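Hi,

Here is the structure I promised to pass on. Have a look at it first, and my notes follow below.

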Amino acid sequence: MTATPLPPPLPGPWDTRLPVGFAVELAGDAHRSRDGRLLLGGAPPRLLRLGPTAARLLDGGRFTVTGRTSAALARRLLDIGAVRPRPPLGTGPAGTTTGTTVVVPARDRAELVDALLARLRAAPETAPLPVLVVDDGSRDPAALAAAAARHGATLLRHPRNLGPAAARNTGLRHAATPYVAFLDSDVAPGPGWLAPLLAQFADPAVALVAPRIVAAPAPGGRRGVLHRYEDVRSPLDMGAREGPVVPLSALAYVPSATLVVRRAALGTGFDPRLRVAEDVDLCMRLHAAGWRLRYVPEVTVGHHHRTGLRDWLGQRAGYGTGAAELALRHPGQVPPLHAAPWSVAACALLLRGRPLPAAAAVALTGVTAVRLARRMPDADTPVRAAALLTLAGLRGTAEQLLRCATRHHWPLAVAAGAASRRARRVLLAAALAEGLLDHRRAASGLDPLTHTAVRRLDDLAYGWGVWRGAFRRRTAGPLLPRIVRTAAVPARPPAASPPSHTPRSAHQPSANLPAPH
C-alpha cells in the first residue's frame, strides 16, 4: 500500500548564521585527543579532525561567536552535535517571553485545563501572554469554556473531534506572534520554563525546541506500580542528555506534550490526518527541510501519566500503530534495528553458542578493530581507541537485537520459541536479562522482577500495535532492519566542507572538520 501523500514541503531556514555573542560548549559525551586535533562525538557519533584554528578555539571546551570564523565553526559543530548551544538569556530575538502565544488543545479534561491555565497566569513570565484553548469536540463544551473564561483565555472550538494535530493547527493559524508554545492539557510546567526554551531561537536555524517531560506528582500522593514505572520509562521522557533532534540518532524526535516552535517554520503545521506519531512526522519533515531542532532537558515539565492498566496498555499499543504510517512516509527512518553488517554477523555467530562460531565472531570483531585503527593513526592510542569503538558498536547491536526480540518482533520470537526448546530458552533469558539491565540503568523504584514484568507488558503492547498497524497499512516497513555499511574514518580532511544549511545524513558515522577560512 502506498503512503498517504505528505503535506506540502516545509520552507527551509532563510538564515543559518549564528549571531555574535552566541556561545557553544563541548558536549559532555564528546572526547578529544591530547593534542586537541581529534574529536569523537556528535549525533550520531563520528570522528572529527579539527584544523589548527578549530582546535585552538575549542581548547577551553567553550567559545563564543565573535566573527565569521568562529560562527562557521560553531555552526558545523552544532549541526554535528559535538557541542551544545549556550545562547545568552535575555538577548536576541527571543530574549523575553513576549512574542509568544500559548496553545492548549483539549477535549474535555476541564479540571486539568483549569489547573494549567491557573499555573500560566500565576507565573510572571507567562501571565501576560495570549492563550488559545482549542476545544476539539468536547462532550461537555460548557465546562471547558468556563475554565478558559476564568483565566482570560480565548476559546476556539471544533464542532467535532478532529484529533490533536488538527487542534494544534487551529491554534497555530490564530496565533499572531513569532513563537508558539504548544502545551497539552495534562502537563504542569514549573516556574521559569519558557525563557530558556525561547533563548534557543537566537539561532535563526532553530524551528522547534522541547523540554524534558517528567512525571507530575500523583494525585493524593498515591504511587502505584505503573506510576513508579512511568517515573523512569515514560515514552514522553527523552532522558537527561541534551542534544539535537536528528532522525536515526538516540534522540530521533521529541513528543508534542510541550513544544515551542518558530511559527513561520511550520507552514500549515502538523499533519491532521495523523492521530498518533504526528509529532515524529513533524520532526522528520522539519529536519528534511534543513531546520535544526533542539532538546533542552534542563527545563522540565510535569505530565500526568496514564496509570490505569487498560488505558496504559491501550496508549502503548496506539503508539505502536503509528510506526507503519511513519515507515511509509519516511522510508528507512524508523527501523527497529540500525546497525553495521559486521556487528549483526558477529552477534548471530555468538548466538550459536558454540566454540567455532564464537571464534569466528571474535575474529570478525578483531578485523574490524584493526581496520579502524589503521584509519586513525593520529589517535592517542589507535589500537585501544579502535578496540573500544568496535566493542561499543558490537554491544549496541546486541542490545538492539535484544530489544527487537522482546519488542518489535516478539510474535516471531514467540513462534520460534514454540518450535524450538533452545530458542525458547534463549528468548526467556533475553527477556529477563534485558529487563534486569534496564532496571539497573533506569534506577527504577520498583524491585527488579516487577520492573522486568512491567517492561515486558510495555513491549508486548507496543509490539502488538506495530504489527496491527503494519497489517492494516499492508507494509513490513516498521519491521525491517536497516543494515548500513559504516564509512571508514578518512585519514585527511577534505578540501572543503558542505554548506551548513544542507540537511545532513542521519547515519553518517564520521566527518572531517577543517579550520574555517
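Let's start with a sheet: 3 strands form it, open, in the order β5-β1-β6 and with antiparallel pairing. Strands here are DSSP runs of E with at least two residues, helices are runs of H or I with at least four, and both are numbered from the N terminus; two strands pair if DSSP finds at least two bridges between them. The edges are β5 (62-64) and β6 (83-86), each pairing on one side only. Strand β1 (residues 23-26) is joined to β6 by 4 bridges, and L26 stands opposite V83 in β6.

Before I go on, this is a predicted model: local features need pLDDT of at least 70, side-chain atom pairs count only at pLDDT 80 or more, and totals for chains, interfaces and linings use all residues. Residues are numbered from 1 along each chain as its sequence is written, and side-chain values use heavy atoms, with hydrogens and water left out.

Now the inside. The largest nonpolar core has 31 residues, and V102, L120 and W193 are among those with the most contacts inside it. A core here is a set of buried Ala, Val, Leu, Ile, Met, Phe, Trp, Tyr and Cys residues joined through side-chain atoms within 4.5 Å, where buried means under 20% relative accessible area (1.4 Å probe, protein chains only). Helix α3 gives the most to this core, with 4 residues. Beyond its neighbours within four places in sequence, L120 is in contact (heavy atoms within 4.5 Å) with V102, T126, A127, V131, L183, P189 and W193. Another core, of 29 residues, lies apart from it and includes L10, V134, A165 and L172.

Cheers

Conventions: Buried means under 20% relative accessible area, exposed over 50%, partly exposed in between (1.4 Å probe, protein chains only).
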